[in-house]
Amino acid sequence: MVEEKKFENVLVSVEDEIALVTINRPKALNALNSATLKELKEIVEEIETRKDIKVVIVTGSGEKSFVAGADISEMVSATPVQGKVMAAYAHYVFTKLENIPQVVIAAVNGFALGGGCEFAMSADFRYASENAKFGQPEVNLGVIPGWGGTQRLPRLIGKGRAKELIYTADLINAEEAYRIGLVNKVVPLADLISTAKATAKKIISKGSYAVTLAKNCVNTGLDVDLASGSKYELEAFSLLFSTDDKKEGMGAFLEKRPAKLTDF
Ligand code: CAA
């Protein structure tokens with residue numbers, strides 16, 4: 001069980017079907033090095049199989065940084081092949097996180113820069129603390145966002161805004177991130193985790209088969225054309241007619257009583 005294991009750079013706790021995954025490298029503002037990515041991979045791969053976890057909240061330790069990016073001290077001497085291997089690893093971990101059956105909320109508690117913004121973007125949605133700062137500053141370092149940023153950022157905030165952020169390397173504050181749709185909510189830092197947990201609890205009270213299939217449909221649909229995405233939705237929707245949750249949810253509505261929806 002990952003919550004019983006001692007990782008070097010990540011803290012994991014599980015309570016009330018919510019896993020709290022905290023990147024914990026405060027001396028480097030929680031920058032992701034290879035060792036941290038490896039730990040994250042193990043954690044995400046286990047969570048994917050855990051029926052006792054319904055929502056995952058990812059955050060950073062301390063009050064200053066979510067994740068300040070890929071670890072620059074590790075990348076500085078990397079060859080093109082080493083850079084590619086590390087980026088491919090990060091792509092794997094973030095894409096895995098993006099597609100696990102559980103809902104993933106990023107609770108962005110400070111700097112979410114470069115690989116940190118890319119990590120946050122692989123969550124289903126993001127809440128930010130008032131002090132959070134977002135950006136893709138890679139062009140300052142002579143590279144480009146390489147852990148999904150050139151792909152996920154335009155999908156989230158549109159092509160023009162994404163290009164401007166990437167080309168200028170500008171950092172934006174939480175309010176601006178909210179305005180452009182990069183985050184769903186901005187709250188005081190002290191309320192960030194409790195706000196994410198309150199949303200998690202609400203999601204957990206719904207039919208988890210339905211929530212997971214809704215996630216699949218949105219993720220799949222954004223990668224294909226509208227007609228193919230709609231076909232996928234049709235299959236998922238009709239599949240849910242086989243579940244007890246559908247009988248219970250609709251029956252309860254008609255009988256004017258609260259529904260008791262089940263787990264996956
Ligand atoms: N990698 C390695 N170490 C980092 C780091 C990173 N991404 N970000 C911060 N740190 C380290 C600093 O080197 C510093 O270490 P020392 O105390 O040993 O000197 C420590 O964290 C604290 O940082 P600062 O002293 O710089 O703190 P600050 O408050 O003055 O500035 C900051 C904060 C604006 C976030 C600044 O640290 C910064 O600009 N960090 C780099 C951000 C960045 O460029 N991220 C993108 C990385 S590239 C990438 O992610 C590519 C990709 O697509 C995957």
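**Helix packing in the predicted model**

The axes of helix H9 (residues 208-221) and helix H10 come within 9 Å and cross at roughly 170°. Angles over 145 degrees count as roughly antiparallel, and H9 is therefore roughly antiparallel to H10. On the H9 side, the contact involves Leu213, Asn216, Cys217, Thr220 and Gly221, which meet Gly229, Tyr232, Glu233, Ala236 and Leu239 in H10. By class, the residues of this contact comprise five nonpolar, four polar and one charged. As with the other helix pairs described here, these values derive from a predicted model.

Helix H10 itself spans residues 226-239 and has 14 residues. From its first C-alpha to its last, H10 reaches 20 Å, close to the 20 Å expected at 1.5 Å a residue. The N-terminal end of H10 is capped by Asp225, a side-chain oxygen of which lies 3.2 Å from the backbone nitrogen of Ala227.

A further packed pair is formed by helix H1 (residues 34-49) and helix H3 (residues 80-99), whose axes come within 10 Å and cross at roughly 30°. Because angles under 35 degrees count as roughly parallel, H1 is described as roughly parallel to H3. The crossing of these two helices is left-handed. H1 contributes Ser34, Leu37, Lys38, Leu40, Lys41, Val44, Glu45 and Glu48 to the contact, while H3 contributes Met86, Tyr89, Ala90, Tyr92, Val93, Phe94, Lys96 and Leu97. Of the residues in the contact of H1 with H3, 10 are nonpolar, one is polar and five are charged.

Helix H5 (residues 149-157) and helix H6 (residues 159-168) pack at an angle of about 135°, with their axes 7 Å apart. This angle makes H5 oblique to H6, and the crossing of H5 and H6 is right-handed. Gly149, Thr150, Leu153, Pro154 and Ile157 of H5 make the contact with Lys159, Arg161, Ala162, Leu165 and Ile166 of H6. The contact of H5 with H6 includes six nonpolar, two polar and two charged residues.

Terms used. Residues numbered from 1 in each chain as written. Predicted model: local features only at pLDDT ≥ 70, side-chain atom pairs only at ≥ 80, totals over all residues. Heavy atoms only, no water. Axes fitted to C-alpha atoms, helices over the stretch in contact; angles between N-to-C directions. Helix = DSSP H or I, 4+ residues; strand = E, 2+ residues; numbered from the N terminus. Parallel < 35°, antiparallel > 145°, perpendicular 65-115°, else oblique. Left-handed = near helix turned anticlockwise from the far one by under 90°. Contact = heavy atoms within 4.5 Å. Nonpolar A, V, L, I, M, F, W, Y, C, P; charged D, E, K, R; others polar. Expected span 1.5 Å × (residues − 1). Polar contact = N/O pair within 3.5 Å; in protein donor to acceptor, adjacent residues only side chain to side chain.
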